[in-house]
Amino acid sequence: MDTLDLARWQFAITTVYHFFFVPVTISLVAITAGLQTAWYRTGKEKYLRLTKFYGKLFLINIAMGVVTGLVQEFQFGMNWSDYSRFVGDVFGAPLALEGLLAFFLESTFIGLWIFGWERLPKLVHLGCIWMVVLGTQLSAYFILSANSWMQHPVGFRYNAARGRAELTDLWAVLTNKVVLVTYPHTIFAAFMVGGAFVAGVALWHLLRRPGVDKDVFRSALKIGASVVLVASVGVAISGDLQGKVMTEVQPMKMAAAEALYETEKPAAFSAFTVGTLDGSKEIFSIKVPYLLSFLATGHFDGEVKGINSLQAAYEQLYGPGSYKPNIPLTYWTFRLMIGVGMLSAAIALWLLWTTRRGRGPARWLIWVTAPLPLLPLVANTFGWVFTETGRQPWLVFGLLPTASGVSPGTTGGEVITSLVGFTLLYGALAVVEAKLMLRTIRGGLAGTDAPPDTGPDQPDKPLSFAY
């Protein structure tokens, strides 16, 4: 492999690893805030105990997410300096907003929430965790705005003398049609991960320790499974809208997702396709008539451009070269994203059904506890692999080829060295994360007395870590 291939592998490995923590953080902090709100409104101790239990798991996860996220910034300078130079003027604004507004908001109010137990009034303390929720949502939106600009560049002009894009309209970047559909899709998918995590942990306790905090963990199981189901509906609706926008701005990605080589009107959805090893043509396919036309255009008789016709059009527009992504990879990650996500929703529905009317979960469900939190996380990962590989051979669609973004002075040996170093570091961090999470999960719920509602007349207490 040359330097470009190695740089791409390194970025893929570190980005996918980092994204393992992102959906858990986004969703788990909101679920924790919801549990604390339930305690504030009802006064029931079970919600307070669940708040502290899942809140601690959230804190462990966000700490690891921050550490792994720092590597992403270093890679832009090390391996992708030409890319950084090209997009820097555009990305500077949304990423500055993410860092100075969203991240500072998160970090400040996380500290107040951690150390504010028994020191802040209950309502103020509750507001702190909701401010963290707001921070995570803003952070996600600003980052997705930058990524969506790579999919559909808007609000810029190209400076030929400097060889870069320059921002002309920040509002256009923040209201890009791609981010308007990508943001809700990503957030709903994250809540599928968080809900499955909450349900999976609760199910493990119900099966391994059936006599310990049974009622509390039954509530957690129902909350988690319900979140998965509601979020799965949101994923389906937002995904449908996203598919239509994708067809409009990146028709090659949609064609590759369906292995559609020739233009069809109406177009059939490929349920299963076998193609040549190089992905150049279809050998066998099982199709659902008219469905792809509706998914891509909103009409059952809509036209969907095929790979071959788009390749010819792009050659005329951009010059000679291959403008096809890796067809087998794009095709199968798209299906695995959908299939694994649907399986997650089905398991959540089954859990709610088997535990209805006070029934306990069946013993065989112990085998579901491990894969349940992982399934929607895997679906998220397949979705991002599809999103990024389906855009190839472009870093910025229609403007900057991937081969033009790599650092010109970086050698293959340097990339291999850093790749090995990051792999070893991330392996060690994975062990730390797993041990901390498992230890906390196995420790179960603490017997927590409800903290008093601290008012202005109450004496000050020493600052302490609540966990």
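I took helices and strands as DSSP runs, numbered from the N terminus. By that count P266 lies in the loop between α9 (251-257) and β3 (269-275). The model I am reading is predicted.

**Entry 1: confidence**

I checked confidence before anything else. The mean pLDDT of the protein is 86, and 91% of its residues reach 70 or more. Residues 463-467 fall below 50. That stretch still has 14 contacts in the model beyond near neighbours in sequence. Where pLDDT is low, the predicted coordinates should not be read in detail. I left the stretch there.

**Entry 2: the loop between α9 and β3**

I went back to P266. A cis peptide bond joins K265 and P266, with omega about -5°. I found A259 in the loop between α9 and β3 too. A259 has a positive phi of about 50°, although it is not a glycine. Is A259 buried or exposed? Its relative accessibility is 6%, so A259 counts as buried.

I then looked at H299 against P266. They are 33 residues apart in sequence and 8.9 Å apart in space, C-alpha to C-alpha. H299 is in the loop between α10 (291-297) and α11 (307-318). Leaving aside neighbours within four places in sequence, H299 is in contact with S293 and F294. I noted F294 again for its ring: the charged end of K244 sits over it, 4.8 Å from the centre.

**Entry 3: other backbone points**

I looked up a cis bond at P393. The peptide bond from Q392 to P393 is cis, with omega near 15°. P393 sits in the loop between α13 (371-389) and β5 (394-396).

Y290 is in the loop between β4 (282-288) and α10. Its phi is near 70°, a positive value in a residue other than glycine. At 47% relative accessibility, I logged Y290 as partly exposed.

**Entry 4: aromatic pairs**

I searched the whole structure and got 24 aromatic pairs. One of them is F91 with W149, edge-to-face, at 6.0 Å centre to centre and 80° between the planes. This pair links distant parts of the chain: F91 is in helix α4 (residues 81-115), W149 is in helix α5 (residues 122-151), and 58 residues separate them. F91 is buried at 9% relative accessible area. W149 is buried at 0%.

Next I took Y331 and W332. Why is their pair edge-to-face? The planes of the two rings stand at 85°, and the cut-off for edge-to-face is over 60 degrees. Their ring centres are 5.0 Å apart. Y331 is buried, with a relative accessible area of 2%. W332 is partly exposed, at 34%.

I also noted a lysine over a ring. K52 lies over the face of W117, at 4.4 Å from the ring centre.

**Entry 5: helix α5**

I returned to α5 for its length and burial. It has 30 residues and reaches 44 Å from its first C-alpha to its last, close to the 44 Å expected at 1.5 Å a residue. In α5, 21 of the 30 residues are buried, so the helix is largely enclosed by the rest of the structure. S148 is found in α5. S148 is buried, with a relative accessible area of 0%. Which residues does S148 contact, leaving aside neighbours within four places in sequence? I listed N176, V178, V179 and T182.

**Entry 6: the cores**

I looked for nonpolar cores. The largest has 59 residues, and L28, Y54, L57 and F58 have the most contacts inside it. Which helix gives the most to this core? Helix α7 (residues 177-208) does, with 13 residues. Not counting residues up to four places away in sequence, Y54 touches L28, T32, L35, F197, V198, V201, A202 and A220. Another core lies apart from the largest one. It has 18 residues, among them W80, F86, A146 and V173.

**Entry 7: helix α14**

I finished with α14 (residues 412-443). This helix has 32 residues and reaches 46 Å from its first C-alpha to its last, close to the 46 Å expected at 1.5 Å a residue. Its buried residues include V415, L419, F422, Y426, E433 and M437. What covers the buried residues of α14? I found α1 (3-19), α3 (45-78) and α7 among the covering elements. F422 and Y426 also form one aromatic cluster with Y17, F20 and F21. Just after α14, G444 takes a positive phi of about 70°.

Technical notes
Residues numbered from 1 in each chain as written. Predicted model: local features only at pLDDT ≥ 70, side-chain atom pairs only at ≥ 80, totals over all residues. Heavy atoms only, no water. Phe/Tyr/Trp six-rings, centres within 6.5 Å; stacked < 30°, edge-to-face > 60°. Helix = DSSP H or I, 4+ residues; strand = E, 2+ residues; numbered from the N terminus. Buried < 20%, exposed > 50% of the residue type's maximum accessible area, 1.4 Å probe, protein only. Lys NZ or Arg CZ within 6 Å of the ring centre and 35° of its normal. pLDDT = per-residue confidence, 0-100. Contact = heavy atoms within 4.5 Å. Core = buried A, V, L, I, M, F, W, Y, C linked by side-chain atoms within 4.5 Å. Expected span 1.5 Å × (residues − 1).
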